[in-house]
Amino acid sequence: MKSYVIAEIGCNHKGDVEIAKKLIETAKEYCQANAVKFQKRCSQELLTEKEYRSPHPIPENSYGKTYGEHREFLEFSLETHRELMKFCQELEIEYSTSVWDTTSAKEIASLNPKFIKIPSACNLNKPLLMELIDHYSGDIHLSLGMTSSDEQEKIVDLFEQHKRGKDLVLYACTSGYPVAFEDICLLEIPKLIDKFGKRVKAIGFSGHHLGIAPDIAAMTLGATYIERHYTLDRTWKGTDHAASLEPDGLRKLCRNIRDVSKSLHEKPCEILDIEQVQREKLKRNSIQW
């Protein structure tokens, strides 16, 4: 069983392209993640005027006088995303982005990455979903935080109606920053596999908790994509840093995922070669049937 680890940089680059590149390089060279993922928003489209003009709900995390200015400060242009995608290609790590509105979906789709993510907050935005269903040929990853069972069914039905079900990856997710262990609800993973496993491409797990133990359990329960927020320093200013892994944590996660993944299979034969040597050496008094 192979698992794929996505290091979500999101906005943890603090609006600085050089920090973004350092995060990419570290995720690849030190942590050995399979992919990095950013976020793309068109704040004027996504936010109401009132939301745009209001102060950030946590002032100490704000990069602007208003929430809109804060979001604009952290936003990379399409050309910067193109530059980051090229940087990823040079390092041989997959580039992706979560899109929060139709404008952002059109922009990122024009880069043609291998996959694009729909965050939990936007998974019921039908125009956004249809923009990718109709105009983007890659895989569409979608988180299911804050989403009821009926809504999950409607999402999958929409993709199936347009013959895109097998391009869809669903993520079990609890939307919180950070999430307490008792709220992770890992048994949602086999539940999603039972319900949608034959209808979509794969089931993943997007975690916002502390530590890495639940991610290993998520893989053993059948999640083939593991996504975690990632930062260079959890004490940096910003909402997501506290719920992110630092490089050492991400490195251990990737290592443990690979190691456990190798062990998740049945024996290919009754007595393995490694056992046969010990059997001949140690086995005593075979039972005579």
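## Helix α7 and its surroundings

The buried residues of α7 pack against β3 (94-99), α6 (102-109), β4 (115-118), β5 (139-143) and α8 (149-161). Contact here means heavy atoms within 4.5 Å. Helix α7 covers residues 126-135, and its buried residues are L128, L129, M130, E131, L132 and I133. Buried means under 20% relative accessible area, exposed over 50%, and partly exposed in between (1.4 Å probe, protein chains only). Helices (H or I, at least four residues) and strands (E, at least two) are DSSP runs, numbered from the N terminus.

This is a predicted model: local features need pLDDT of at least 70, side-chain atom pairs count only at pLDDT 80 or more, and totals for chains, interfaces and linings use all residues. Residues are numbered from 1 along each chain as its sequence is written, and side-chain values use heavy atoms, with hydrogens and water left out.

## Two helix pairs

Take α6 and α7. Their axes come within 9 Å and cross at roughly 15°. That makes α6 roughly parallel to α7. Axes are lines fitted to C-alpha atoms, for helices over the stretch in contact, and angles run from 0 to 180 degrees between N-to-C directions. Angles under 35 degrees count as roughly parallel, over 145 as roughly antiparallel, 65 to 115 as roughly perpendicular and the rest as oblique. On the α6 side, T102, A105 and K106 meet P127, L128, E131 and L132 of α7. By class, this contact of α6 with α7 has four nonpolar, one polar and two charged residues. Ala, Val, Leu, Ile, Met, Phe, Trp, Tyr, Cys and Pro count as nonpolar, Asp, Glu, Lys and Arg as charged, and the others, Gly among them, as polar.

The second pair is α10 (residues 213-220) and α11 (residues 247-263), packed at about 30° with axes 10 Å apart. So α10 is roughly parallel to α11. α10 passes α11 in a right-handed crossing. From α10, D215, I216, M219 and T220 meet L253, N256, I257, V260 and S261 of α11. This contact of α10 with α11 has five nonpolar, three polar and one charged residues.

## A buried glutamine

Q152 sits in helix α8. Its relative accessibility is 9%, so Q152 counts as buried. Leaving aside neighbours within four places in sequence, Q152 contacts L144, T147, L192 and F196.

## Cysteines

The structure holds zero disulfides. A disulfide is a pair of cysteine sulfur atoms within 2.5 Å. C42 is in none; the nearest cysteine sulfur, that of C122, is 12 Å away. C42 is partly exposed, at 24% relative accessible area. C122 is buried, at 4% relative accessibility. The closest cysteine sulfur to that of C122 is in C11, 12 Å away and too far for a bond.

## Backbone exceptions

Most residues other than glycine have a negative phi, and most peptide bonds are trans. Which peptide bond is cis? The one that joins Y177 and P178, with omega of about -5°. P178 lies in the loop between β6 (168-173) and α9 (188-196).

C185 is in the loop between β6 and α9. Its phi is positive, near 60°, in a residue other than glycine. C185 is partly exposed, at 41% relative accessibility. K14 is not a glycine, yet has a positive phi of about 60°. K14 lies in the loop between β1 (4-10) and α1 (17-29). Its relative accessible area is 22%, so K14 is partly exposed.

Key: A crossing is left-handed if the near helix is turned anticlockwise from the far one by less than a right angle, and right-handed if clockwise.
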